[in-house]
Amino acid sequence: MDAERRASISLNHSATHLLHAALRQVLGEHVTQKGSLVKPENLRFDFSNLEAVTPAELKEVERLVNSQVRRNHVIETNVMDIESAKQKGAMALFGEKYDDEVRVLSMGEFSTELCGGIHASNTGDIGLFKITSEGGIAAGIRRIEAVTGEAALDAIEAAEDKAVEKLAEAAKKAKALEKEIQMLKDKMAAAESANIMGKVEEINGTKVLVAALEGADNKNLRTMVDDAKNRVGSGVILIANIANDKVGLIAGVTKDLTGKVKAGELVNMVAQQVGGKGGGRPDMAQAGGTDVSALPEALQSVQGWLEERL
């Protein structure tokens, strides 16, 4: 076994002991080791527990192990008789047979277990401990896999990269959904404008559409006015929308009529009657108001105002 491989195994082996002690502290003393596998690249620890370990419990276990790593306990090994080892509080595997003399591994007061494997000199050598997975492998048996040192850093970086990728993917999906929603809103606005075309009247030979809506999206009123202007060909459009106890107003005038009627003047005239004001270009203007109750009378005033100008 080369030195680097041996060193990696020793770090993971020592971390396994800390993990065992942390699990017993967080989950309870019913936790006992049911198997483990220590490799240079990671460690695997099987233990008794009836339920899945929650994310919060895993986080607590991970923090507890890392706190013991930072304390940099000297990892002591002592050979003693089995009875002395038990008095010292050393954990032993149930059902295992031990010789009269055993090797006791201690990491401060946090972990004391019987073990004959290779270990680090200090817990600080582990550097960093990171749990990578937890799951059930049999009834009442759970399995945790973890990494230490540089492998733990690699695992954290990989998780961060994955999180960034997921965020980018989510942002992309959100943008696509927003675009799809806007397309649907535009279609709904076009359909609504088609529905209100039956309200078109003529004033001095000019087509005029004055309509009131409820609960429409004010952002879509412009689409509705553009669609209505295209439908009438030549005319004046004024649409009012009541939403969230406020009045939204938009006026549109086809280019051929802007010399007689200015959209900004029309919308402002109505807005002033509903407790607001507004303006815009001669062919398109928007405004708002707060007095919903005054809207019907304000809309009725549009006919007389236009008769003076058309």
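Two strands are taken to pair if DSSP finds at least two bridges between them. The legends below describe close-up views of a predicted model.

**Figure 1. Pairing of strands E1 and E2.** Five bridges join E1 to strand E2, which spans residues 43-48, and the pairing is antiparallel.

**Figure 2. The open four-stranded sheet.** The strands are arranged in the order E1-E2-E7-E6, and their pairing is antiparallel. Strand E1 (33-38) and strand E6 (129-138) form the edges; each has a single partner strand, so one side of each lacks a neighbour in the sheet. From one strand to the next, the twist averages 15°.

**Figure 3. Helices lying across the sheet.** Helix H1, residues 3-27, lies across E1, E2, E6 and strand E7 (141-148), and its direction makes an angle of about 25° with E2. Helix H2, residues 55-70, lies across E6 and E7 and runs at about 135° to E6.

**Figure 4. Packing of helix H1 against helix H2.** Two packed helices are described by the angle between their axes and the distance between the axes. For H1 and H2, the angle is about 130° and the axes are 9 Å apart. The two helices are therefore oblique to each other, and their crossing is right-handed. H1 contributes Leu18, Leu19, Ala22, Leu23, Gln25, Val26 and Leu27 to the contact, while H2 contributes Glu57, Glu60, Val61, Leu64, Val65, Gln68 and Val69. Sorted by class, the residues of this contact comprise ten nonpolar, two polar and two charged.

**Figure 5. Surroundings of helix H6.** Within helix H6 (residues 263-273), the buried residues are Ala263, Gly264, Leu266, Val267, Met269, Val270 and Ala271. After H6 comes Gly275, which has a positive phi near 75°.

**Figure 6. Strand E10 and its partner E9.** Strands of a sheet pair through backbone hydrogen bonds, either parallel or antiparallel. Here, strand E9 (residues 206-214) and E10 are paired in the parallel sense over eight bridges. Glu214 has Ile242 of E10 as its bridge partner. Of the nine residues of E10, eight are buried, so this strand is largely enclosed by the rest of the structure.

Definitions and conventions:
Residues are numbered from 1 along each chain as its sequence is written. This is a predicted model: local features need pLDDT of at least 70, side-chain atom pairs count only at pLDDT 80 or more; totals for chains, interfaces and linings use all residues. Side-chain values use heavy atoms; hydrogens and water are left out. Axes are lines fitted to C-alpha atoms, for helices over the stretch in contact, and angles run from 0 to 180 degrees between N-to-C directions. Contact means heavy atoms within 4.5 Å. Angles under 35 degrees count as roughly parallel, over 145 as roughly antiparallel, 65 to 115 as roughly perpendicular and the rest as oblique. A crossing is left-handed if the near helix is turned anticlockwise from the far one by less than a right angle, and right-handed if clockwise. Ala, Val, Leu, Ile, Met, Phe, Trp, Tyr, Cys and Pro count as nonpolar, Asp, Glu, Lys and Arg as charged, and the others, Gly among them, as polar. Buried means under 20% relative accessible area, exposed over 50%, partly exposed in between (1.4 Å probe, protein chains only).
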